[in-house]
Amino acid sequence: MTDWKIRRAPTIHAEIKVPGDKSISHRSIMLAALANGTAQITGFLPSEDCLSTMKAFQQLGVKIERVDETTLIVHGTRGKFTAPSGDIDCGNSGTTMRLLSGILAAQPFRSRLVGDASLSKRPMKRVMQPLAQMGARITAEGGDGRAPLVIEGGELNGIAYTSPVASAQVKSAVLLAGLFAKGTTSVTEPEQSRDHSERMLAWHVAHPRRNGLTVSVLGGQSLESRDFDVPGDISSAAFWLVAAAAQPGARLMVKNVGLNPTRTGILAVLIRMGAHVNEMIESSEGEPRGSVEVRGTRLKATTIGGKEIPNVIDELPILAVAAALAEGRTVIRDAKELRVKETDRIAAVAMNLRAFGVQVDEREDGMEIVGGCPLHGAEVESFGDHRIAMSAAILGLFSEEQTIIHDTDCVATSYPGFYETLQRVVKSKK
Ligand code: S3P
């Protein structure tokens with residue numbers, strides 16, 4: 001288990017790139033595997049989560065060549081897979097388990113999906129229920145909708161599903177199953193969640209339709225193979241964006257980052273907090289992408305809630321750090337979903353911020369953070385959660401004394417190379 005020691009940073013002046021987008025990398029393999037030929041994926045995120053998806057599809061008989069760390073060639077099988085010889089290990093990845101459930105529900109064989117201790121505690125009923133309505137037979141061996149999941153695949157019928165949660169994983173699992181179902185399958189969400197699956201389906205010429213908060217696909221289609229370039233992950237860039245935004249005089253440029261409007265809520269929040277943010281979209285092919293420049297300032301508190309939450313859900317731990325560095329009381333609400341992420345992120349963030357001397361009032365659906373006080377160094381846990389570890393590292397850059405973060409190996413889940421970029425960014429003094 002690796003521990004990190006972090007010291008206060010000088011003013012940041014840096015230009016960086018971040019690794020490929022995690023959500024898009026998962027989908028790039030899945031959709032390429034469902035398509036009718038060979039496709040090259042560039043900019044792929046070689047993180048543990050995405051490698052779980054890659055291995056899962058290899059187990060299902062899909063030939064995937066790794067040209068280099070971030071380039072894959074996927075030989076699509078038109079959605080016809082072979083029965084896996086053993087369990088499919090989804091590791092820590094909720095996206096792998098939930099989206100794969102949708103695809104496997106339609107395969108004419110039995111599969112068993114397992115995950116690590118954290119994934120085995122996460123709620124799977126949210127995908128099991130709609131898939132069962134489509135005719136899928138899925139059993140949760142962990143009890144109460146928890147993995148391992150045993151899926152006896154078979155024929156599916158299209159449904160019109162209204163999801164109680166704004167979850168891209170639920171929406172995507174149902175839409176992917178819908179590709180195999182009889183008739184049309186639609187999903188309506190309470191709020192718009194990230195739309196990568198819809199865009200990726202369109203890229204592969206599956207013609208998904210959107211009508212307000214409803215997306216639908218027609219079953220029985222064959223997807224066209226097309227090369228795809230994955231942009232950098234704005235959720236990874238978020239750590240550096242917050243670090244620079246909260247440092248008066250800092251300047252940071254992030255190049256080739258995904259700027260899908262269902263993911264850029266963090267930029268809007270930082271602007272509200274007073275940061276100078278310049279977003280430059282350079283291409284919109286497949287997924288919008290471009291550069292983001294941030295100039296730092298003394299941040300001020302804000303309220304984050306309502307419709308905005310699905311758009312910033314993965315950034316809330318680092319936005320809580322921004323709040324700790326901002327003048328005033330920041331309120332995060334309507335974010336109950338944080339309790340069922342890789343760890344209970346409300347409890348973990350509250351505990352870690354307090355360890356640095358920040359006043360935090362925990363709420364069932366969020367927290368209130370009183371920012372702007374000097375931070376002392378702290379010794380904190382990652383709780384096995386990548387985003388908790390990286391958020392604590394950024395807070396450490398603003399603390400008087402040394403910070404120690406335990407058990408940081410989990411960062412490989414989404415951001416291999418985070419620590420190396422950290423070293424570079426803190427040496428970036430003009
Ligand atoms: C993801 C969707 C979100 C997000 C997760 C990735 C995806 O989860 O938090 O990190 O790739 O679809 P939910 O669908 O549970 O909101």
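Predicted model: local features only at pLDDT ≥ 70, side-chain atom pairs only at ≥ 80, totals over all residues.
Reader: Which helices give two or more residues to the shell around the ligand?
Author: The space taken by the ligand is the largest pocket. The elements that supply two or more residues to the shell there are helices, namely H1 (22-34), H3 (94-104) and H5 (168-178).

Reader: How many charged residues does the shell around the ligand have?
Author: The residues surrounding the ligand include Arg27, Arg98, Arg194, Asp314 and Lys341. By class, the shell has two nonpolar and four polar residues, and its charged residues number five.

Reader: How much of the ligand's accessible area does the protein cover?
Author: Oxygen atoms of the ligand lie 2.7 Å from an N or O atom in the side chain of Ser167 and 2.7 Å from one in the side chain of Lys341. A polar side-chain atom of Asp314 is 2.6 Å from a ligand oxygen. Of the 380 Å² of accessible area that the ligand has on its own, the protein covers 95%.

Reader: From which domains does the shell around the ligand draw at least three residues each?
Author: Ser23, Ile313 and Asp314 are among the residues that surround the ligand. The shell takes at least three residues from each of domain 1 (4-20 + 231-427) and domain 2 (22-212).

Reader: Which peptide bond is cis?
Author: Pro148 is located in the loop between strand E8 (137-140) and strand E9 (149-152). Asp144 is also found in the loop between E8 and E9, and Asp144 has a positive phi of about 50° although it is not a glycine. The cis bond, with omega near 0°, runs from Ala147 to Pro148.

Methods
Residues numbered from 1 in each chain as written. Heavy atoms only, no water. Near = heavy atom within 4 Å. Polar contact = N/O pair within 3.5 Å; in protein donor to acceptor, adjacent residues only side chain to side chain. Areas by Shrake-Rupley, 256 points an atom, 1.4 Å probe, with all protein chains shown as cover. 1 Å grid on protein atoms, 1.4 Å probe; cavity = no way out; pocket = protein on both sides within 12 Å on 5 of 7 lines; lining within 4 Å. Sits in = over half its atoms within 2 Å of the grid points. Helix = DSSP H or I, 4+ residues; strand = E, 2+ residues; numbered from the N terminus. Nonpolar A, V, L, I, M, F, W, Y, C, P; charged D, E, K, R; others polar. Domains from an automatic or database assignment.
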